[in-house]
Amino acid sequence: KAKEEELTNINGIGPIVAKFIYEYFREPEHKKLILRLQKHLTIKSEKIAKTHGGKFKGKTFVLTGTLQSLSRDEAKAKIRALGGDVSGSVSKNTDYVVAGDEAGSKLTKAEDLGVRVLSEDEFLKLLG
């Protein structure tokens, strides 16, 4: 039911993704699919998920480039297990950008915004 503008207020969702989400959920067949899925899913609010804590609680990470020692999914899982969030885009709300090999525009944007950039080694040390 959210409008595109409301969706862009969610950390990690920009105008292009917001437009896609908005249009997707306006399709009648997609609405039916969601109703069927709701019978089988339990959706927890973001506030409930964040109450578990961890040393990354309240911190947002963005991954860019190729990591050598972890897959992207493994890195995301480790961040989330420690209470952190992972976003697909860099914003003023981003706490850390983890830059692997061949990092691109996300690294540039992080530097422009003054977001702390971690190498893969620094990230691994931070994970403990």
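Student: What am I looking at, and how are residues numbered?
Tutor: It is a predicted model, where local features need pLDDT of at least 70, side-chain atom pairs count only at pLDDT 80 or more, and totals for chains, interfaces and linings use all residues. Residues are numbered from 1 along each chain as its sequence is written, and side-chain values use heavy atoms, with hydrogens and water left out.

Student: OK. How many helices and strands does the chain have?
Tutor: There are 7 helices and 4 strands. Helices (H or I, at least four residues) and strands (E, at least two) are DSSP runs, numbered from the N terminus.

Student: In what pattern along the sequence?
Tutor: The pattern reads α-α-α-α-β-α-β-β-α-β-α.

Student: And what box do the C-alpha atoms fill?
Tutor: Roughly 45 × 30 × 25 Å, taken along the principal axes.

Student: What share of the residues is buried?
Tutor: Of the 128 residues in the chain, 27% are buried. Buried means under 20% relative accessible area, exposed means over 50%, and partly exposed is in between (1.4 Å probe, protein chains only).

Student: Which strand does β3 pair with, and in what sense?
Tutor: β3 pairs with strand β4 (residues 116–119) in the parallel sense, over 4 bridges. Two strands pair if DSSP finds at least two bridges between them. Y96, for one, has R116 in β4 as its bridge partner.

Student: What does the chain cross through to get from β3 to β4?
Tutor: Helix α6 (residues 105–113). This β-α-β crossover is right-handed. That means that, with the strands pointing away from the viewer, the path from the first strand over the helix to the second runs clockwise.

Student: What's up with phi of E102?
Tutor: Phi of E102 is near 60°, a positive value in a residue other than glycine. Most residues other than glycine have a negative phi. E102 sits in the loop between β3 and α6.

Student: Is E102 buried or exposed?
Tutor: E102 is exposed, with a relative accessible area of 79%.

Student: New topic. How many aromatic pairs are there?
Tutor: The count is 5 aromatic pairs. Rings of Phe, Tyr and Trp (its six-membered ring) pair if their centres lie within 6.5 Å; planes under 30 degrees apart count as stacked, over 60 as edge-to-face and the rest as tilted.

Student: Why is the pair of Y24 and F25 edge-to-face?
Tutor: Their ring centres are 5.1 Å apart and the planes are at 80°, so the pair is edge-to-face. Y24 is partly exposed at 26% relative accessible area. F25 is partly exposed too, at 34%.

Student: And how do F61 and Y96 pair?
Tutor: They are stacked, with 5.0 Å centre to centre and 25° between the planes. F61 lies in strand β1 (residues 60–64) and Y96 in strand β3 (residues 96–99), so the pair ties together parts that are 35 residues apart in sequence. Both F61 and Y96 are buried.

Student: Which residues share an aromatic cluster with F61 and Y96?
Tutor: F56 and F123 complete that cluster.

Student: Where is F123 found?
Tutor: In helix α7 (residues 120–127). F123 counts as buried, at 0% relative accessibility.

Student: What does F123 touch?
Tutor: F61, L70, A75, I79, V98 and L118, not counting residues up to four places away in sequence. Contact means heavy atoms within 4.5 Å.

Student: Which residues touch the most other members of the largest nonpolar core?
Tutor: F61, A75, I79, V98, L118 and F123, out of 13 residues. A nonpolar core is a set of buried Ala, Val, Leu, Ile, Met, Phe, Trp, Tyr and Cys residues joined through side-chain atoms within 4.5 Å. β1, α5 (72–81), β3 and α7 each supply at least two residues of this core.

Student: What about a second core?
Tutor: A separate one has 5 residues, including V62, V90, V97 and A110.

Student: Last one. Where is A81, and is it buried or exposed?
Tutor: A81 lies in helix α5. A81 is exposed, with a relative accessible area of 64%. A81 and F56 are 25 residues apart in sequence, and 8.7 Å apart in space, C-alpha to C-alpha.
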